[in-house]
Amino acid sequence: MTTPAPAPPSPAGKRGTSGEHGGFETHLIPTEHLPGFVAERKAAYVNTMFDTIAPRYDLMNRLMTFGMDRRWRNYVVAEAAPPTGGSALDVATGTGDIAIALARRVGAAGSVIASDFSEGMMRPGPAKAERAGVGAIVRFMAADALDLPFPDATFDCVTMGFAMRNVTDIERAFREMCRVTKPGGRVVCLEVAKPGVPPVRFLHQCYFNRIVPLLGKIITGYGEAYRYLPESARNFPPPSALKTIMERADLRAVRFHRMSLGAVAVHTGTK
Ligand SMILES: C[S@@+](CC[C@H](N)C(=O)[O-])C[C@H]1O[C@@H](n2cnc3c(N)ncnc32)[C@H](O)[C@@H]1O
């Protein structure tokens, strides 16, 4: 597995200007005040960040989401609905939780590829898959979500969890996911969202903007990553706009489902 060379820290980053969707810039994340962030090198920045937090990523996820992330990921798998014995791809898999859940679903006759561009994030994956009893079903491999190394129409379903915020071109990522999905197969995306009801939204924002970065600093020792999290979520398209992007990427029957008072949304499209 290869990992692109990390970008050297830079005191002042520049803003990117790559595109608008539905009246706001989807590819532009206002992170220029974060040390080391340079928009043109976002991929390397993200890669280095995830390599750094990888050892504590799962623990932080469980704590930060009060354990709800498991339910969200299981919902993704139910939406992806690969057949028993089928094939699935989990893009930007991180430590492999969605891939492992997919493997349980497709069973011993099936196969799951778990891909990511951060070698560090994937490192715990194979042992986790072994412990879950699906080590022979899941294969981890390095791949960029924007340039998937698979032929067209390879998988029964393709998933992505909490990574669309990090890619430099959302529509291209969906196009790639759609391209490698078999006709009739599903593409499913789990991402953070903002609760719609004002008091809940306010409390959620306080938690996300203040408590999570503090918790992230304590648990991972790398507070910047958990300051990046609310920053990256801030300019991310709301669910209705993300649906439009998926439709532009040639997905059909696109729908979304909000979970946990709207803190996350799961989008599903069919090729
Ligand atoms: C927040 S983690 C999510 C991991 C996992 N999907 C989950 O649900 O916990 C985001 C992951 O996206 C990966 N990632 C970000 N941009 C990527 C890209 N362009 N290609 C491949 N992986 C990418 C990061 O390395 C990281 O592992």
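Which element gives the largest share of the shell around the ligand, and how many residues does that element give?

Author: This is a predicted model. Helix α1 gives the largest share of the shell, four residues. The elements that give two or more residues there are α1 (42-64) and α3 (97-106). The shell has 21 residues, and A92, G94, S118, G161 and A163 come nearest to the ligand. By class, 12 are nonpolar, six are polar and three are charged.

Next, strand β1. This strand covers residues 87-91 and holds L89. L89 is buried, because 30 other C-beta atoms lie within 10 Å and the cut-off is 20 or more. Its contacts, leaving out residues up to four places away in sequence, are I113, S115, F155, V158 and V180. The C-alpha atoms of L89 and V112 are 5.7 Å apart, although 23 residues separate the two along the chain.

Now helix α2. It spans residues 68-80, which is 13 residues. From first C-alpha to last it reaches 19 Å, close to the expected 18 Å at 1.5 Å a residue. Its buried residues are W72, R73, V76, V77, E79 and A80. Seen down the axis of α2, they fall within an arc of 165°, so they line one face of the helix. An α-helix has 3.6 residues a turn, so residues three or four places apart point the same way. The buried residues of α2 pack against β1 and α3. They also pack against β4 (155-161), β5 (181-192), β6 (252-259) and β7 (264-270). After α2 comes A81, with a positive phi near 50°.

Conventions
Residues are numbered from 1 along each chain as its sequence is written. This is a predicted model: local features need pLDDT of at least 70, side-chain atom pairs count only at pLDDT 80 or more; totals for chains, interfaces and linings use all residues. A residue is near a molecule or strand if its C-beta atom, placed from the backbone, lies within 6 Å of it. Ala, Val, Leu, Ile, Met, Phe, Trp, Tyr, Cys and Pro count as nonpolar, Asp, Glu, Lys and Arg as charged, and the others, Gly among them, as polar. A residue is buried if 20 or more other C-beta atoms lie within 10 Å of its own, exposed if 12 or fewer, and partly exposed in between; C-beta atoms are placed from the backbone. Two residues are in contact if their C-beta atoms, placed from the backbone, lie within 7 Å. The expected span of a helix is 1.5 Å times one less than its number of residues. The arc is that of the directions from the helix axis to the C-beta atoms.
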